[in-house]
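Subject: Structure handover and notes

Dear colleague,

I am passing on the structure that we spoke about, with my notes below it. Please look through it before you read on.

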Amino acid sequence: MNIKIRGALRGDCPRLLELIKELATYEKAPDEVTVSLAHFEESGFGMTPVWWAFVAEESEVVVGFALYYIRYSTWKGQRMYLEDIIVTESMRNKGIGGLLFDRLIVEVKERKLNGIVWQVLEWNEPAIAFYKKYHATFDEEWVNCSIA
């Protein structure tokens, strides 16, 4: 297995959207993905991108990715927000998630950000175990909120 980690390109977007839908199915919310390909592409590769990503490729096929954006904490300053880290089901447990996460850590240092934050579903034991390997802190005090 020869995995290559690289920055995402506009041409990767259809595959990234496939993986996002795969994740939504895994998270028991297959109908929640409503973003269009055009909007997804423009948001990442238009005049003012709001997200960036690294992809994991094997034999020129994208088998996983990590998508992030920069958020601002009034307490900590600029931080990376990891929106999703996804590895296609057939390629899980082969170290690909670790390669992507390690690349994010390098990116945080290169951008001089003040850490990485993310969410994980409380029932997603494999993901929780993965993050524990990185000595992640789990906060059970805050409640997620959203509108629409």
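Is Lys28 buried or exposed? With a relative accessible area of 63%, Lys28 is exposed, where exposed means over 50% relative accessible area, buried means under 20%, and partly exposed lies in between (1.4 Å probe, protein chains only).

Before going further, please keep in mind that this is a predicted model, in which local features need pLDDT of at least 70, side-chain atom pairs count only at pLDDT 80 or more, and totals for chains, interfaces and linings use all residues. Residues are numbered from 1 along each chain as its sequence is written, and side-chain values use heavy atoms, with hydrogens and water left out.

The overall fold

The chain holds four helices and five strands, which follow one another from the N terminus in the order β-α-α-β-β-β-α-β-α; helices (H or I, at least four residues) and strands (E, at least two) are DSSP runs, numbered from the N terminus. Its radius of gyration is 15 Å, close to the 15 Å that the globule rule gives for 148 residues, so the chain is as compact as a globular protein of that length; the radius is taken over C-alpha atoms, and the rule is 2.2 Å times the number of residues to the power 0.38. Along its principal axes, the C-alpha trace spans about 40 × 35 × 35 Å, and buried residues make up 39% of the 148 residues. Among contacts (heavy atoms within 4.5 Å) between residues at least 6 apart in sequence, 58% join residues at least 24 apart.

The nonpolar cores

A nonpolar core is here a set of buried Ala, Val, Leu, Ile, Met, Phe, Trp, Tyr and Cys residues joined through side-chain atoms within 4.5 Å. The largest one has 21 residues, and those with the most contacts inside it are Leu82, Ile96, Leu100 and Leu104. At least two residues of this core come from each of β2 (52-58), β3 (61-73), β4, α3 (96-110) and α4 (125-132), with α3 giving the most, namely five residues. A second, separate core of 15 residues includes Leu17, Ile20, Leu23 and Phe65.

Leaving out residues up to four places away in sequence, Leu82 touches several others, among them Phe101, Leu104, Trp118 and Tyr131. Ile86, found in strand β4 (residues 77-87), counts as buried because its relative accessibility is 2%; with residues up to four places away again left out, its contacts include Leu19, Ile20, Val63 and Leu100. Ile86 and Leu16 are 70 residues apart in sequence, yet their C-alpha atoms are 9.1 Å apart in space.

Glu41, in helix α2 (residues 37-45), is buried with a relative accessible area of 19%.

Lys28 lies in the loop between α1 (13-26) and α2, and although Lys28 is not a glycine, it has a positive phi of about 65°. Most residues other than glycine have a negative phi. Glu60, in the loop between β2 and β3, also has a positive phi, near 65°, and at 74% relative accessibility Glu60 counts as exposed.

With best wishes
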